[in-house]
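Trainee: Hi! Could you walk me through this one?
Mentor: Happy to. Let's get it on the screen.

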Amino acid sequence: MIAVFVEHHEGQLQRGSLGVLSKAVTLGEEVAAVLLGPGTKELAREAGRFGAQKVFVAEAPELEAPLPQPRVDALAQLVGEQDIDTVLFGASVLASDVAAGLAARLDAGLNWDLVEIEASDGQLVGKRPALEDSVYVDVGWTSEPRLALFRPGTFDPAESGGEAQVEELTPTFEEFSTAATMVEQAHEESSGPSIEDADVIVAGGRGLGGPENFSLVEGLAKALGGAVAATRAVVDAGWYPYASQVGQTGKTVSPKLYIACGISGAIQHKVGMQGSGNVVAINKDPNAPIFEFCDLGVVGDLHEIVPKLTELVQQRRAG
Amino acid sequence: MKIAVCVKEVPDAAVHKRIDPETKRLDRSGEGALNHFDTQAVEEALRLKEAQGEGEVVLVSFGPASALDSLRKALAMGADRAVLVSDESGAGSDLVATSRALGAALQREEADIVLFGQQGSDSDGAVLWAAVAERLRVPVISQVAELEVGEGKLKGKRQTEFGYDVIEAPLPAVVAVSDAINEPRYPSLKGIMGAKKKPQETMSLADLGVDEGSVGEAGSRTTVLALADPPPRGDSQKIEDDGSAAEQIVEFLAGKKLL
């Protein structure tokens with residue numbers, strides 16, 4: 001049986017894990033969804049609609065906060081009690097920590113950042129882009145259970161309309177697993193039209209040098225009739241609001257044109273914008289990974305290039 | 001307060017990285033460098049030590065013997081000493097095997113806080129801390145952008161897909177910092193000169209009581225089966241700004257009918 005860790009937030013099953021669930025159904029084994037946290041029993045039916053034949057739920061209060069270690073306890077117990085040969089995860093801040101903790105607990109192989117998985121002769125083979133996606137690596141497992149983390153947004157959820165058999169778990173928890181506590185959560189509600197709908201996005205990263213230089217990015221975005229986006233690093237540093245963040249822990253965008261200013265192109269940013277039609281990157285570091293996945297890369301000082309570019313675009317649009 | 005920082009040597013960013021088709025491992029024969037994400041963990045450790053007015057910052061690494069050269073950069077930044085776990089049978093270790101070797105070295109250090117950088121710039125690996133925390137049986141907080149240490153506990157603010165979380169954990173604890181946490185300092189000349197004289201210890205797996213069969217390829221549970229070219233993508237151009245970059249970008253956009 002393949003188990004899929006299905007993440008939920010405010011009563012909603014998350015798209016990324018539902019995509020993994022739908023993919024798991026194609027691998028030819030029985031598939032179970034694992035839903036952890038108070039209130040998850042009510043979500044079990046939803047998981048059935050996306051192909052889970054079984055849903056394991058645990059509603060223990062220790063699983064209330066989205067922290068990884070109590071989930072490692074619950075999953076380890078589940079794998080120990082059930083005939084589970086594979087556990088799949090859609091990567092997220094939470095799921096990545098759960099998967100790695102579980103790997104160490106069970107002495108199990110974890111392959112991460114996968115963009116594909118296939119079954120052949122009872123073996124599973126995963127595909128992982130490496131070295132800034134310049135090479136694709138086929139990876140396998142030498143023992144069971146096999147654990148895998150998929151790159152966010154890799155698979156689209158597909159409704160199959162099935163009904164799942166629900167089973168409740170009563171995990172016991174390790175002392176160290178419940179030692180960390182969530183003391184504050186400031187979760188933003190998604191609102192209104194956003195960068196996800198923009199045809200043109202101009203994005204700024206650390207290379208801008210400071211929050212005041214976001215005016216350069218805003219000026220260019222305005223000239224092109226586009227929206228402004230930011231990387232996690234600058235959002236975390238307080239230079240720009242979270243709602244503008246593109247990447248693994250932000251929005252996933254696919255505009256016709258994405259102009260990256262002072263963005264190195266770390267993997268967590270890339271996964272949020274790799275679906276863009278055309279990518280132009282301006283960065284002073286010739287070794288920045290972003291140059292490996294842009295259509296036009298410019299090695300140079302954005303503080304000189306961006307204002308000039310803005311002016312030229314304005315002239316062209318006016319003329 | 002004792003702070004251990006897990007650091008890693010990676011191929012230098014200027015070196016063209018390749019995977020050896022024979023071993024299917026990353027070719028590490030070229031020039032190495034300290035993983036730049038790790039310098040932020042080192043920086044945070046130094047700031048914590050400075051804020052406390054006392055303490056020790058220990059670097060802990062698992063890699064080839066030559067990795068000591070890269071660790072010296074972190075010593076030059078101000079770390080007090082370095083421990084390198086190096087063993088021929090360690091090559092090819094995956095997550096479970098690496099966490100076992102690092103975990104054994106960390107167990108011996110008994111640090112109050114174990115810090116990790118955001119990711120490995122070679123493998124894009126961003127999960128090791130959770131496996132190490134499991135080996136040490138201590139709490140873990142990842143993606144921390146602001147770290148506060150109090151009496152016997154610490155508090156981390158971090159970003160998730162939904163906004164911000166603040167998580168508290170008793171010490172000892174493992175913390176992985178995000179790349180937003182700080183701007184790492186450059187080593188001073190004095191720091192560079194002094195780095196060579198700081199204690200640098202290389203340990204084998206046997207020294208740590210780790211069974212050789214539980215690390216390296218033998219102790220790994222994942223395997224690389226084949227290498228392939230990525231799906232083809234359109235023509236990509238790279239230019240150096242000679243003063244006409246803005247014009248060239250406009251031409252590119254016009255050519256793609258994006259203006």
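Trainee: Which strands pair here, and in what sense?
Mentor: Strand S18 (residues 296-299) of chain A runs parallel to strand S13 (residues 237-240) of chain B, and the two pair over 4 bridges. Keep in mind that this is a predicted model.

Trainee: Okay, and what stands opposite Gly297(A)?
Mentor: That would be Lys238(B), which belongs to S13(B).

Trainee: How many residues of chain A are in contact with chain B?
Mentor: 76 residues of chain A, and they meet 66 residues of chain B. Helix H4 (residues 93-106) of chain A supplies the largest share of chain A's side, with 9 residues.

Trainee: And how do the residues on chain A's side divide into nonpolar, polar and charged?
Mentor: On the side of chain A that touches chain B, 42 are nonpolar, 19 are polar and 15 are charged.

Trainee: New topic: what domains is chain A divided into?
Mentor: There's domain 1, covering 2-178, and domain 2, covering 195-318. Their C-alpha centres lie 33 Å apart.

Trainee: How many residues of those two domains are in contact?
Mentor: In chain A, 7 residues of domain 1 are in contact with 7 residues of domain 2. Domain 1's side of that contact has 2 nonpolar, 2 polar and 3 charged residues.

Definitions and conventions: Residues numbered from 1 in each chain as written. Chains lettered and ligands numbered in written order. Predicted model: local features only at pLDDT ≥ 70, side-chain atom pairs only at ≥ 80, totals over all residues. Nonpolar A, V, L, I, M, F, W, Y, C, P; charged D, E, K, R; others polar. Pairing = 2+ DSSP bridges. Domains from an automatic or database assignment.
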